[in-house]
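Here is a short briefing for a first look at this structure. Please keep the sequence and the 3D view at hand.

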Amino acid sequence: MTKLLITGGASFIGSEFVRQLVQKSHKPVIIDALTYAGDLVRLAQVKGHYTFYKADICDPAALACIFKKEKPTHIIHFAAESHVDRSILGSDEFIRTNVTGTQRLLDAAKSADIHKFIHISTDEVYGDILRGRFLETTPLNPSSPYSASKAAADLLVKSYIRTFKFPAIIVRPSNNYGPWQYPEKFVPVIIYKALHNHKIPVFGQGLNVREWLHVADCASAVWAILNKGQIGETYNVGSGNERKNIQIAKTILDILGKPHSLIQFVQDRPGHDLRYSLNFAKITKELTWKPRISFDQGLQDTITWYTTHTPWLETKVKFLREYWKKVYK
Ligand code: NAD
């Protein structure tokens, strides 16, 4: 019997993974602390098809209790503090959840009969690269407190693989975009502000390059890795869709029929990584996974989604105004 346990199932990417699992007739168990970033509304369409525990992954007693009751066989670990700019404002929660939380989860899983533990990392652990692409073997060189906390978690996972023969796999996706992303992240910030004819903040000169992966493609990659990935391995998950931030801002404005004059360059993010780019030949060759959603279509659909989910967007933005004043100067 397979029992899937998803941490951070109420997150942007985790909820997409859960929705895809339910479509495949799974009934996963979810652990999520429902921080400002978590939201069960993302799972409304699959209500009744998952078991939910509001719990903190840093709480060993809560984990022990859930593991005893649910006896998971496979764990997919999405829960994290995920926003770089917040980690620059203060990194305590990043170290707590991303490092200590991962360690507590690894310990809970180590004492249980786990067949596979999928650790969701990020391309940001490699730092930035001006030319060429990161391989899974590229040394870790994180730039922000967020990426440093994720790199620390990766090293912990690697140490459990080696020391305890722990059955883990590390997944390093590039920047995700798509429906239900919390509007502190680049794409929904632009969409929200453009819809309201507000100035659109772009760090520096907007020349930083990101590799954009649709959240549905990211979730399908995690599914492929869960089923066919080799224990002890790491898989990059990219798309090849590299874009400068300024290009993304202009494209969104064009699609919404808004003027480029809304763009306002703001003080650059400290330590801002210039370019991320993943070599993801390993997952395409070994697991026959490839991204299916073209960037043009994915972005168009994402904009349509936000324009048809403005009440949800507004409930989130309400809490972001003070925060935006701190990061966009
Ligand atoms: P998110 O910010 O949307 O959500 C994070 C989730 O973790 C929330 O549901 C929150 O309630 C939960 N959480 C936070 N602290 C917790 C704790 N202590 N205990 C239990 N739950 C807790 O996240 P996301 O953007 O969907 O990212 C999911 C994962 O993918 C993260 O590990 C992130 O580092 C990684 N990742 C994200 C991206 C991206 O572009 N968003 C890219 C690569 C990797």
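The model is predicted. In the model, 29 residues surround the ligand. Elsewhere, helix H10 packs with helix H11 at an angle of about 80°.

**Around the ligand**

- Ile-13, Asp-32, Ser-82, Tyr-146 and Lys-150 are the closest residues to the ligand.
- The shell holds 14 nonpolar, ten polar and five charged residues.

**Polar contacts and cover**

- Ile-13 places a backbone N or O atom 2.7 Å from an oxygen atom of the ligand.
- Thr-35 has a polar backbone atom 3.0 Å from a ligand oxygen atom.
- Thr-97 uses its side chain: a polar atom there lies 3.0 Å from a nitrogen atom of the ligand.
- On its own, the ligand has 840 Å² of accessible area, and the protein covers 97% of it.
- Helix H1 (12–23), helix H4 (92–110), helix H5 (145–164) and strand E7 (175–177) are the elements that each give two or more residues to the shell.

**Helices H10 and H11**

- H10 spans residues 295–307, and H11 spans residues 310–317.
- Their axes are 6 Å apart.
- The angle of about 80° falls within 65 to 115 degrees, so the two helices are roughly perpendicular to each other.
- On the H10 side, the contact uses Trp-305, Tyr-306 and Thr-307.
- These residues meet Thr-310, Trp-312 and Leu-313 in H11.
- The contact residues comprise four nonpolar, two polar and no charged.

Note on methods:
Residues numbered from 1 in each chain as written. Predicted model: local features only at pLDDT ≥ 70, side-chain atom pairs only at ≥ 80, totals over all residues. Heavy atoms only, no water. Axes fitted to C-alpha atoms, helices over the stretch in contact; angles between N-to-C directions. Helix = DSSP H or I, 4+ residues; strand = E, 2+ residues; numbered from the N terminus. Parallel < 35°, antiparallel > 145°, perpendicular 65-115°, else oblique. Contact = heavy atoms within 4.5 Å. Nonpolar A, V, L, I, M, F, W, Y, C, P; charged D, E, K, R; others polar. Near = heavy atom within 4 Å. Polar contact = N/O pair within 3.5 Å; in protein donor to acceptor, adjacent residues only side chain to side chain. Areas by Shrake-Rupley, 256 points an atom, 1.4 Å probe, with all protein chains shown as cover.
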